[in-house]
Amino acid sequence: MPQGALLTSMSAPAPTPIPLTSIAVLRQHHSQLIRLGVASHPAHARRLLSFLARDADSHFPYASRLLAHHPAPHPALFNPLFSALPTRHAAGLLALMLSLPLHPDHFTFPRILPGAQPLHLVAQLHALLLKLGFHAHTQSLNALLAAYLANARPDLASRVFRGGGGGALDVVSWTTMVGGLVKLGLVDDARELFDGMPERNLVSWNAMMSGYVKAGRFLDALEVFDEMRARGVDGNAFVAATAVVACTGAGALARGREVHRWVEQSGIEVDDKLATAVVDMYCKCGCVEEAWRVFEALPARGLTSWNCMIGGFAVHGRGEDALKLFGRMEREGVAPDDVTLVNVLTACAHAGMLSEGRHYFNYISQRYGIEPKMEHYGCMVDLYGRAGQLDEAKKVIQDMPMEPDVGVLGALFGASKIHGDVDLGEAIGWRVIELDPQNSGRYVLLANLLATAGRWEDVARVRRLMDERNVSKEAGRSVIEVQGEVCEFQCGGLCHPQAEEVYVYAMVREMMRKIRAEGYVPDTRDVLHAIAEEEKETPLLYHSEKLAIAFGLLRTRSGDTIRITKNLRVCRDCHEATKFVSCVFDRDIVVRDRNRFHHFKDGLCSCKDYW
């Protein structure tokens, strides 16, 4: 670009602005501006650079030449490009800026720092920031904090934070630190900082709650939410969605209903994200009918809401309802995505709808151009595997266009255990263990499979391998909410005040005595030890689900509903025992395990023993 053309007088009339729709159009318009001598006018230069910033990576050479030859460069022309450029170009643009020479202004570092990588570049920018005297500029300081945290250096961020001085730090500084620490998994450090904040805004509250949710500490997240409300802070859709997700994770239906009422009473606008969170909460807390009422009342439904409701029907074993809703979704002109396909296939798998699953796998992928991914093939393996068609499941794996991952092989592994195919299960099991060596569930499943065949030496071999790799068996945990109180029980023990312990254990024994009298027989096939049959029954007695049910029986009355969330798949013995309990003690019992929901009522389960 000739520099003389840019130095031409800017007194000529400017051309009529035209839409800049492509780089070719921009070049033509730029040429016209040069001929008229107005290309360097700030308004025209900003317009050209704004378009180039839309794809700054591709158009970086053009933008840098334009800036390098500008007769009166100003930081305002450079700054919009910094946030749009990848680090390698942003550093080059900054070098160009300094070479003109042109110093950054108050908007430069906040644009370039947050996405800066690698760490040595952040350190160089930090040094330049100090040299130019921006260390007391709040926005620049906050950007520097974000950069160090994004590079996983909370120590350096903390040093900058502590040295920032009272005048330079604001609520954004504190919130940046809290949010960055929780993203790095340092939730307790974030909470300590959060508790010391001189002031908080909604972003601060949500950052702390989200951190607990991501760490799986749902009750802690709800504690923060309660504190926010106690201080009279008005929430918004983001905070509400986080609180609802915390209720979902904790399986706390009563709390979820309370948060939902708070949303309605507060007049918070329910966007698609919040609506989906509420529907998902009711689905995952075992109230699919309430989820349906919320879904039907939505004034507008985005794709995520449809997917959530279809998925809710799927995990509750209501395959026909899921397929009907999918048909309605199509009729209303909403195109499915790959998540929809997963949910539809899951619905078919949990309901044993083989022909429907085959049909929708082909129909949705072909009709809507959705290329099946690993998870879709995993659903098909699960579909055939649950139905006992292991040869068909193997054929799906053989015909896949990609190598199966541990999830796909794990579906076949689980199916071989359910249907007692020891040879297939053993072959797949060792392969799955090598692909996922730190997952204790894989070892336990293989050991259980071998134990059913009486192969105790091989069971011991699996256990030795676990010991050698320092893999600990994941303890079974069940969470129950009764009268607004959420309690957790572990297999063989209680996470509950000791004053309750003697009563819960006594209730378990009484519960088992009564259901035995009605015909219950313990299913000891999954007990690993080669010991006498009567001795095998003792470990089954104190499974976390039975402890939680016993606690629920102590706290509820005839006709009430007991809701339990379990971290593992329901074992065969607990499943059978719970059917008897529902009849003998006249309770509806809803159990959400790792895979799906089981609704026990009058001695029957909604899964029809197909899970």
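This is a predicted model: local features need pLDDT of at least 70, side-chain atom pairs count only at pLDDT 80 or more; totals for chains, interfaces and linings use all residues.
1. **Annotated repeats.** Start with the record. An unreviewed UniProt entry places the feature "repeat: PPR" at residues 170-200, 201-235 and 302-336.

2. **Two of those spans in the model.** Take residues 170-200. Their end C-alpha atoms lie 10 Å apart. The span is 71% helix and 0% strand. Now take residues 201-235. Here the end C-alpha atoms lie 10 Å apart. This span is 74% helix and 0% strand.

3. **Domains.** The chain is divided into domain 1, residues 372-474, and domain 2, residues 477-605. Taken over C-alpha atoms, the centres of domain 1 and domain 2 are separated by 27 Å.

4. **A helix pair.** Two packed helices are described by the angle between their axes and the distance between the axes. Look at helix α32 (residues 544-555) and helix α33 (residues 572-584). Their axes come within 10 Å and cross at roughly 15°. Angles under 35 degrees count as roughly parallel, so α32 and α33 are roughly parallel to each other. The crossing of α32 and α33 is right-handed.

5. **Who makes the contact?** Which residues of α32 and α33 make the contact? From α32 come E545, K546, I549 and L553. From α33 come D573, C574, A577, T578 and V581. Sorted by class, the contact of α32 with α33 has five nonpolar, one polar and three charged residues.

Conventions. Residues are numbered from 1 along each chain as its sequence is written. Side-chain values use heavy atoms; hydrogens and water are left out. Axes are lines fitted to C-alpha atoms, for helices over the stretch in contact, and angles run from 0 to 180 degrees between N-to-C directions. Helices (H or I, at least four residues) and strands (E, at least two) are DSSP runs, numbered from the N terminus. Angles under 35 degrees count as roughly parallel, over 145 as roughly antiparallel, 65 to 115 as roughly perpendicular and the rest as oblique. A crossing is left-handed if the near helix is turned anticlockwise from the far one by less than a right angle, and right-handed if clockwise. Contact means heavy atoms within 4.5 Å. Ala, Val, Leu, Ile, Met, Phe, Trp, Tyr, Cys and Pro count as nonpolar, Asp, Glu, Lys and Arg as charged, and the others, Gly among them, as polar. UniProt positions are given in the numbering used here, feature names are shortened, and annotations may be inferred rather than shown by experiment. Domain bounds come from an automatic or database domain assignment.
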